[in-house]
Amino acid sequence: MESSQFNVLFRSAAIQGRVIQALLMREILTRFGRHNIGFLWLFVEPMLFTTGVTILWTVTKAVHGSTLPIVAFALTGYSSVLLWRNMPSRCIGAVEPNLSLMYHRNVRVLDVFLARLLLEAGGATISFVVLSLFYIYIGWLEPPVDVLTVAKGWLMLAWFGASLAMLLGALGEKHEVIERLWHPVAYIAFPLSGAAFMVDSLPAAAQQYILYVPMVNGVELVREGYFGDKVHVHYDLPYMVAFCMALSLLALAQVTVISREITPE
Amino acid sequence: MITVEHVNKVYPTRSGDRLVLDDISFTLARGEKLGILGRNGAGKSTLIRLVSGAERPTSGTVTQEMSVSWPLAFGGAFQGTLTGLDNVRFISRIYRQDYKRNIDFVADFTELGIYLREPVRSYSQGMRARLAFAISMIIEFDCYLIDEITAVGDARFHERCEAELFQKRNDRAMLIISHDVNYVRQHCQRFAVINDGKLIFYEDFDQAYYAHAQNMNLHN
């Protein structure tokens, strides 16, 4: 009995893997096409963004309340923003253009979201890694002190972004207002997300409150990995894990509701 | 065997919930061909989507004990921004098929030539129907759900559809909905009419046709 249940699970996982792979290929083609540099835009675009912001912050000598080189500060901060902010943007409104594909019963709303999330997180990650390597190579940046801690922070940010994206994507299918609200909320959340400041530079009274913003914990973690002892970081990892866990559960519940209600076209 | 038991489907509308399918039950055995007649908007396509598993009933159950195709319609189940070839690749990937072999078949059947490399949205209705049909024939199913697939296209296309579907695959079960009553008569052994959310079975085609014609007149 148990082994047959395991087989069913295994077969379902294989189908889902196949569907997500097919959706991924399809997504790359519809989004980037076969013109000029094609799917390289996936990470060239975030690289341009990050480079632009880095240059801007360097030129204006942005105040960030630490002795860190501004390039390192901008790279870790802005890459993090792209990671958690682009995933929801891509998942809101993701169902509608894919409704015709849901004629195939194995293609489900969750698969459409997962394919887009993989692509988006992949793009942000490649951009972050390539820019890091490039800046290190030309001497603007020291190599990270502890790569694993950087990865840990990065994964936490990705988890937060992915669960938020699925929740908003599912809710946005029912309520148009989600799409309208997301843009201002994302914009306002940027300065609060820890991308443009270190928690340590804030007044002590504000520090404990700012850590309630989940992204701040992730960015601090990334910076701890990058700069080691040179910075004094503050984060509450158990809080962020609990937050992401709750968000994921809520998101999956809403995705289930939506996939019961949609009508393929 | 496909078993549909006490299926209801409700769609929310601006003027309140609308019961589109009302307590529908039937079975479809292997090799059996069932034709369903009904007016526009009677719920035929909804029923076929529910049977395919692409959409879920509001209540009731649909049990599939054989492999069932997606609803084969003349326009549906692929994406307009992709090329014909990309669509073949996509479907091949989902159903784990060798797409190189499939591309040969699709190229041969559709006779679309260079247009296979163009986005589907640039196709004419007839070209789209040819592609949709060819893609549907790539994968072998025990049961085909046919939603007006031959509503467009020329005589040559109809002839080739006929050969693929009713000669080569005559042993398969089929659920056919069409406005073309002769098409349904020629290809089915069982007949039902859908009206006001109810599905009613008839002994033979003539009775079903009579009921269907009455439904049309009553509402004229």
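**Ground rules.** This is a predicted model, so I kept to its limits: local features need pLDDT of at least 70, side-chain atom pairs count only at pLDDT 80 or more, and totals for chains, interfaces and linings use all residues. Residues are numbered from 1 along each chain as its sequence is written, chains are lettered from A and ligands numbered from 1 in the order written, and side-chain values use heavy atoms, without hydrogens and water.

**Interface.** I looked up contacts (heavy atoms within 4.5 Å) and found 26 residues of chain B touching 23 residues of chain A. The area buried between the two chains is about 2400 Å², with 54% of it from carbon and sulfur atoms; buried area here is the accessible area (1.4 Å probe) that two parts lose on being put together, summed over both.

How many salt bridges does the rule find across the interface of chain B and chain A? I got 0, taking a side-chain nitrogen of Lys or Arg within 4 Å of a carboxyl oxygen of Asp or Glu. For polar contacts, I got 5 residue pairs, both at pLDDT 80 or more. That term means N or O atoms within 3.5 Å; within protein, one must be able to donate a hydrogen and the other to accept it, and residues adjacent in sequence count only if both atoms are side-chain atoms.

On the chain B side, H1 (44-52), S5 (68-73) and H2 (84-94) each supply at least two residues. Helices (H or I, at least four residues) and strands (E, at least two) are DSSP runs, numbered from the N terminus. The largest share, 6 residues, comes from H2(B).

**Cores.** Next I checked the nonpolar cores, meaning buried Ala, Val, Leu, Ile, Met, Phe, Trp, Tyr and Cys joined through side-chain atoms within 4.5 Å. The largest has 130 residues, and Phe113(A) and Leu131(B) touch the most other members. Leaving aside neighbours within four places in sequence, Phe113(A) contacts residues including Cys91(A), Met166(A) and Val255(A).

**Glu176(A).** I found Glu176(A) in the loop between H5 (147-174) and H6 (177-192) of chain A. Glu176(A) counts as exposed because its relative accessibility is 54%; the cut-offs are under 20% for buried, over 50% for exposed, partly exposed in between (1.4 Å probe, protein chains only). Its side chain makes a polar contact of 2.9 Å with that of Arg180(A).

**Positive phi.** His6(B), in strand S1 (residues 2-13) of chain B, has a phi of about 45° although it is not a glycine.
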